[in-house]
Amino acid sequence: MTDSLRQAALDYHALPSPGKLSVELTTPAETQEDLSLAYSPGVAEPVREIAKDPEAAYRYTGKGNLVAVISNGSAILGLGNLGPLASKPVMEGKSLLFKRFADINSVDIEVDVNSPEQFIQTVAAIANTFGGINLEDIKAPECFHIEEALIERCPIPIFHDDQHGTAIVTVAGMLNALEIQGKKISDVRMVCLGAGAAATACCKLLLAAGARKDQITMLDSRGVIHSGRTDINAYKGEWARDTDMRTLDDAITGADVFLGVSGPDLLSAEQLQRMAPKPVVFACSNPNPEIKPELAHSVRDDLIMATGRSDYPNQVNNVLCFPFIFRGALDVRAARINEEMKLAAIEAIRKIAHLPVPDSVREGYGGVELSFGPSYILPKPTDPRLLPEVAAAVARAAVDSGCARLPYPENYPLQTL
């Protein structure tokens, strides 16, 4: 990052007032009567109603449109374990995105505890305050246990975006890329470099979308995860293959798909050359991908490539899904975000990329031509169709799968915030 960009980032967070969020009133608070209704004695009436029926909290408070963004700071972006307080700018940023793209009120909570069990206890104890919880920047493998435990204990949607948001957008883009390349997901051989939260969730959702487990080779920092290894935890063990392959060099030869969720410059030009014809490369390490797009395209003119960066085509960006998934889930009061809802979000995102791009979106990206093809496999975050299409698909899937407590909303699909 240049000095000027670094200073601009710091100024953005410091000015005109520190942080990126504020609280606003939704009801009048000007007169004595307003205040007597807002607080004592008027506030006693909704208190009594909620005491009689907890569901009344959705009618008389902001619970139904409130999401908590919660982290312990153990895996902040690509920066590592810098602690809960250092994660606060990221959590505030996530809350900003909830409000900007889906009009969901959000608060950030940074939990300073020493163990996953303490984190689980803390979050479970406050969960009833919110309509949903977005877990963020929690390292693997603890994040798997934390999310599983909270889903069991909390009657509201719990969603670890580093896992599932990444997976949803990745699979949507992957399906479109394979379609363009003339390949079926059930036929392709995949190499996944990385075995953390994002990698595991991506591969699980790829299976749900039609991939074959025996065609996926996963690698961690020590090489291929194979059945002979004794140094892997249970979560990695799910992906152990009975194979003679041991290194990325072994695995990449003839592979149709490379999915990188690991670190910079780990896929070489020589390795890319050995992939199958018409390869799909998702190099999603941030800020520096597993192979630079300029290098990849100089080696292969038949590939489709995606990264996690906004300055290259085909950005895998979680903002394409998480605000709208929560919008749909909250509006039908879903108990959780299940696989049917994730697959519905994938299909909605995937289909938007096939449609003509609105002029407003093209203008926001410098007027460049955007149409479904190798350089446009995912919609842009500013596409106004994401809100109505993804939220509606998720809400419908929640209702159809029996996960919703409310019927499909009459005002869906949403047209504006």
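Q: Helices (H or I, at least four residues) and strands (E, at least two) are DSSP runs, numbered from the N terminus; in which loop is Leu 77 placed?
A: This is a predicted model: local features need pLDDT of at least 70, side-chain atom pairs count only at pLDDT 80 or more, and totals for chains, interfaces and linings use all residues. Residues are numbered from 1 along each chain as its sequence is written, and side-chain values use heavy atoms, without hydrogens and water. Leu 77 sits in the loop between β1 (66-71) and α5 (88-102).

Q: Is Leu 77 buried or exposed?
A: Buried means under 20% relative accessible area, exposed over 50%, and partly exposed in between (1.4 Å probe, protein chains only). Leu 77 has a relative accessible area of 62%. Leu 77 is therefore exposed.

Q: Is Ile 70, in strand β1, buried or exposed?
A: Ile 70 belongs to β1, the strand on one side of the loop that holds Leu 77. Its relative accessibility is 0%. Ile 70 therefore counts as buried.

Q: How far is Ile 70 from Val 123 in space, C-alpha to C-alpha?
A: In sequence, Ile 70 and Val 123 are 53 residues apart. In space, their C-alpha atoms are separated by 8.2 Å.

Q: Which helix gives the most to the lining of the largest pocket?
A: On a 1 Å grid over the protein atoms alone, a pocket is an open set of points with protein on both sides within 12 Å along at least five of seven lines, a cavity is a set where a 1.4 Å probe fits but cannot get out, and lining residues have an atom within 4 Å of a point. Helices α1 (3-14), α5, α8 (161-181) and α9 (197-208) each supply at least two residues to the lining of the largest pocket. With 6 residues, the helix that gives the most is α5.

Q: Which arginines line the largest cavity?
A: The lining of the largest cavity includes Tyr 58, Gly 64, Gly 131, Ile 156 and Pro 157. Ala 329, Leu 330 and Ala 334 line this cavity too.

Q: Which residue forms a salt bridge with Lys 88?
A: A salt bridge is a side-chain nitrogen of Lys or Arg within 4 Å of a carboxyl oxygen of Asp or Glu, and the whole structure has 25 of them. One of them has an N to O distance of 2.7 Å at Lys 88. It links distant parts of the chain, helix α5 and strand β2 (residues 105-110), 20 residues apart. The partner of Lys 88 is Asp 108.

Q: Is Asp 108 buried or exposed?
A: Lys 88 is partly exposed, with a relative accessible area of 28%. For Asp 108 the value is 14%. Asp 108 is therefore buried.

Q: Why are Arg 327 and Asp 331 separated by about one helical turn, and what is the distance between their closest N and O atoms?
A: Both residues are in helix α14 (residues 322-331), and they are separated by about one helical turn because they are 4 residues apart. Arg 327 is buried at 9% relative accessibility, whereas Asp 331 is partly exposed at 23%. The two form a salt bridge, with the closest N and O atoms apart by 2.9 Å.

Q: What is the N to O distance between Lys 139 and Glu 142?
A: Lys 139 is partly exposed at 32% relative accessibility. Glu 142 is also partly exposed, with a relative accessible area of 24%. Their side chains meet in a salt bridge, and the N to O distance is 2.6 Å.

Q: Which lysine is linked with Asp 220 in a network of salt bridges?
A: The network takes in Asp 220 and Asp 231. Arg 222 and Arg 229 are linked in it as well.

Q: Which residue is joined to Pro 41 by a cis peptide bond?
A: Most peptide bonds are trans. The bond that joins Leu 15 and Pro 16 is cis, with omega about 0°, and Pro 16 is in the loop between α1 and α2 (32-38). Pro 41 is in the loop between α2 and α3 (44-52). With omega near 5°, its cis bond comes from Ser 40.

Q: What is phi of Asn 314?
A: Most residues other than glycine have a negative phi. Asp 103, partly exposed at 28% relative accessible area in the loop between α5 and β2, has a positive phi near 55°. Asn 314 is buried at 3% and lies in the loop between β10 (304-307) and α14. Phi of Asn 314 is also positive, near 60°.
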